[in-house]
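Subject: Structure handover

Hi there,

Here is the structure I promised to pass on to you. Please have it open while you read, and my notes follow below.

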Amino acid sequence: MPWWLQTLIGLAIALVVVWLALVVVLLVAKPDKVRLREALRLLPDLLRLLRRLAADPGLPRGVRARLGLLLVYLAVPIDLIPDFIPVLGYADDAIIVVAVLRSTVRRAGLEAVRAHWPGTDDGFAAVCRVAGLRDTPGRR
């Protein structure tokens, strides 16, 4: 068997193993239905936030690249777990958005995220609650 075919098979096996590991993590860390419903209600504002953050030249390049890749991932119809599977279908998207938001806050700060938030203060507080971010109430 040629070396390039062995390499291709090895990469395919590695991708399947990583995918299976991510599915197991999602099954173990399955979010409760209340938080998932709250996150889905905030989806339009959250998408506008991600687009605004990705377009902000004041943010570090790595953060903008991560946000751009997240937007591409959300736009592509192929997911880690298909959306027709109850609860878990949308949970993979929500978990990935939360992970990227947390990394954005670690690198750019919560104030940068707050400055680009298009919704209400209550909506921002809900995003902070769902994503596990520390929000300072009453500041805008």
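Let me begin with Asp45, which counts as buried because its relative accessibility is 19%; buried means under 20% relative accessible area, exposed over 50%, and partly exposed in between, using a 1.4 Å probe and protein chains only. Asp45 sits in helix α3. Helices here are DSSP runs of H or I with at least four residues, strands are runs of E with at least two, and both are numbered from the N terminus. Setting aside neighbours within four places in sequence, Asp45 is in contact with Trp117, Pro118 and Gly119, where contact means heavy atoms within 4.5 Å. Asp45 and Val127 are 82 residues apart along the chain, and their C-alpha atoms are separated by 9.7 Å.

A word on where this comes from: the model is predicted, so local features need pLDDT of at least 70 and side-chain atom pairs count only at pLDDT 80 or more, while totals for chains, interfaces and linings use all residues. Residues are numbered from 1 along each chain as its sequence is written, and side-chain values use heavy atoms, with hydrogens and water left out.

The overall picture

The protein chain has seven helices and zero strands, so to speak an α-α-α-α-α-α-α run from the N terminus on. Of its 140 residues, 34% are buried. Taking contacts between residues at least 6 apart in sequence, 60% of them join residues at least 24 apart.

Helix α3

Back to the helix that holds Asp45. Helix α3 covers residues 43–55, which is 13 residues, and spans 18 Å from its first C-alpha to its last, close to the 18 Å expected at 1.5 Å a residue. That expected span is 1.5 Å times one less than the number of residues. Asp45, Leu46, Leu49, Leu50 and Leu53 are buried in α3. They lie on the same side of α3 because they cover an arc of only 140 degrees around the axis, the arc being that of the directions from the helix axis to the C-beta atoms. As a reminder, an α-helix has 3.6 residues a turn, so residues three or four places apart point the same way.

Leu47, also in α3, is partly exposed, with a relative accessible area of 36%. Apart from neighbours within four places in sequence, Leu47 is in contact with Leu71 and Leu74. Leu47 and Leu74 are 27 residues apart in sequence, and 9.4 Å apart in space from C-alpha to C-alpha.

How α3 meets α4

Helix α4 takes in residues 61–75, and its axis and that of α3 come within 8 Å and cross at roughly 140 degrees. The angle makes α3 oblique to α4. Axes are lines fitted to C-alpha atoms, for helices over the stretch in contact, with angles from 0 to 180 degrees between N-to-C directions; under 35 degrees counts as roughly parallel, over 145 as roughly antiparallel, 65 to 115 as roughly perpendicular, and the rest as oblique. On the α3 side, the contact is made by Leu47, Leu50, Arg51, Leu53 and Ala54, and on the α4 side by Arg64, Leu67, Gly68, Leu70, Leu71 and Leu74.

Helix α4 has 15 residues and reaches 21 Å from first C-alpha to last, close to the 21 Å expected at 1.5 Å a residue. Its buried residues are Val63, Leu67, Leu70 and Tyr73. Seen down the axis, these fall within an arc of 120 degrees, so they line one face of α4. Arg61, Leu69 and Ala75 are exposed on the other side of α4.

Thr104 belongs to helix α5, residues 88–108, and counts as buried at 1% relative accessibility. Beyond neighbours within four places in sequence, Thr104 is in contact with Leu53, Val63, Leu67, Gly109 and Val113. Not counting residues up to four places away in sequence, Gly89 touches Asp79, Ile81, Pro82 and Asp83.

In helix α7, residues 121–131, the buried residues include Gly123, Phe124, Val127 and Cys128. Just after α7, Gly132 takes a positive phi of about 75 degrees.

Happy reading!
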